[in-house]
Amino acid sequence: QVQLGESGGGLVQAGGSLRLSCAASGRIFDINLMGWYRQAPGKQRELVAIMDSGDNTNYADSVKGRFTISRDNAKNTVSMQMNSLKPEDTAVYYCCVLALRYRGDTLKDYWGQGTQVTVSS
């Protein structure tokens, strides 16, 4: 199984910054995608940012220019620097990876437990 450990959430004032980190561990053969989703109260979970193994990225329009995703393939970690935070960024942020546990495995998504980010106005 693949386990994800997240850190870095918290409370920050509007305009502030936070950095989220996520480390994947367990039985890992290869990780394809690594990224972050978020879910605000009463809303559906949405993609925030994602990066593939070739360092290609995709960001939600609402965070472009403010959030930056990065990954360390050697350490199986993904981070996201969040700047110029807004109250509407308040949500639980989930780390997600698309990974193979062994050669020949089926590509599957794995999720972290989530970390709360609260931005006060």
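Predicted model: local features only at pLDDT ≥ 70, side-chain atom pairs only at ≥ 80, totals over all residues.
How many disulfides does the structure hold? I went looking and found one.

**Cysteines**

I started with the bonded pair, Cys22 and Cys95, whose sulfur atoms sit 2.1 Å apart. Then I checked where the two ends lie, and the pair links distant parts of the chain, with Cys22 in strand 3 and Cys95 in strand 9, 73 residues apart. Buried or exposed, I wondered about Cys22? Cys22 has a relative accessible area of 2%, so I put it down as buried. Cys95 comes out at 0% relative accessibility and counts as buried too.

I also checked Cys96, which is in no disulfide. The nearest cysteine sulfur to it belongs to Cys95 and is 7.2 Å away. Cys96 has a relative accessible area of 8%, so it is buried, as the cut-off is under 20%.

**Core**

Which residues touch the most other members of the largest nonpolar core? I noted Trp36, Met80, Met82 and Tyr93, out of 31 residues in that core. I then listed elements that give two or more residues to it, among them strand 1 (2–7), strand 4 (30–39), strand 8 (77–82) and strand 9 (91–100). Strand 9 supplies the largest share, five residues.

**Salt bridges**

My count comes to five salt bridges. I looked at Arg38 and Asp89 first, where the closest N and O atoms are 3.0 Å apart. Arg38 lies in strand 4 and Asp89 in the loop between strand 8 and strand 9, so this pair ties together parts 51 residues apart in sequence. I have both Arg38 and Asp89 down as buried.

Asp89 turned up again, this time with Arg66, in a salt bridge whose closest N and O atoms are 2.8 Å apart. Arg66 is in the loop between strand 6 (57–59) and strand 7, 23 residues from Asp89, and the pair links distant parts of the chain. I looked up accessibility here: Arg66 is at 10% and counts as buried, while Asp89 is at 0%. Which residues do shared partners join into one network? I wrote down Arg38, Glu46, Arg66 and Asp89.

Last one for today was Asp61, which forms a salt bridge with Lys64, the closest N and O atoms being 3.0 Å apart. Asp61 is at 64% relative accessibility, so I filed it as exposed, whereas Asp89 went under buried.

Technical notes:
Residues numbered from 1 in each chain as written. Heavy atoms only, no water. Core = buried A, V, L, I, M, F, W, Y, C linked by side-chain atoms within 4.5 Å. Buried < 20%, exposed > 50% of the residue type's maximum accessible area, 1.4 Å probe, protein only. Helix = DSSP H or I, 4+ residues; strand = E, 2+ residues; numbered from the N terminus. Disulfide = S-S within 2.5 Å. Salt bridge = Lys/Arg side-chain N within 4 Å of Asp/Glu carboxyl O.
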